[in-house]
Amino acid sequence: YEGGIKVPTIVRWPGKIAADSTSAQITGFEDWLPTLAEIAGTTVTTDNIDGISFAPTLHGHEQPERDFLYREFPSYGGQQSIRVGDWKAIRRNLMPRGDAQPVIRTELYHLGKDPAESTDVAAAHPEVVTKLEALMATQHEPSADFPFPVLDQLSTAH
C-alpha cells in the first residue's frame, strides 16, 4: 500500500539546515529537481514537471501544503493512489489477468488517524472518495509507450 507516498527523508546540510530540525511538509520525488535548482541559484521551467521547490522548508520557513501527490504503478498488479492532506485513496489489482477484467474499488485511509492504513474508511466518507477519484482521473495521462488500460479507460470516461 505504501507506494512511496509516506517515505521519510533525511537531509543534512551543515550551516544551511538547522541540526535536529524536523518538518511534516509533504513532498515527492518530482520536487527534487526544482528544489536543487533553486538551491543552486538557477531556475527550471516547470512547464513539463509537476514538482515544486521545497527549499523554503529546508531553510526553516513555512510553505503552503501541496495540493496532492499522485502515483500510479503498473507493477504490483497495478496500483493508483493519491494523497490529499491526511487522506489517501488507493486502487489495487488494476492490471488485467487473463480474460478477467479487474474490479475497480477505491480504498480510503486517513493517515493522520491511521498511519498503518489498517482501516478502509471509504464507506464512511463517500464524498471524499468521489473527490479523490475525480482527481485521479484528471491526473492519469494515457501513453502509447506505457499503456495502463484500466486507467486509460477511466481517464477518458471523465
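Trp 32 is partly exposed, at a relative accessible area of 31% (buried is under 20%, exposed over 50%, partly exposed in between; 1.4 Å probe, protein chains only). This is a predicted model, with pLDDT of at least 70 needed for local features and 80 or more for side-chain atom pairs, while totals for chains, interfaces and linings use all residues. Numbering runs from 1 along each chain as its sequence is written, and side-chain values use heavy atoms, leaving out hydrogens and water.

**Exercise 1.** Work out how the rings of Trp 32 and Phe 54 are arranged.

Step 1: rings of Phe, Tyr and Trp (its six-membered ring) pair if their centres lie within 6.5 Å; planes under 30 degrees apart are stacked, over 60 edge-to-face, the rest tilted. The structure holds one such pair.

Step 2: the centres of Trp 32 and Phe 54 are 4.9 Å apart and the planes sit at 90°, so it's edge-to-face.

Step 3: Trp 32 belongs to helix H1 (residues 32-40) and Phe 54 to the loop between H1 and helix H2 (55-58), so the pair ties together parts 22 residues apart in sequence. Helices here are DSSP runs (H or I, at least four residues), as are strands (E, at least two), numbered from the N terminus.

Step 4: Phe 54 is buried, with a relative accessible area of 6%.

**Exercise 2.** Find which element gives the most to the lining of the second largest pocket.

Step 1: strand E1 (69-73) and helix H3 (126-139) are the elements giving two or more residues to that lining.

Step 2: E1 gives the most, with five residues.
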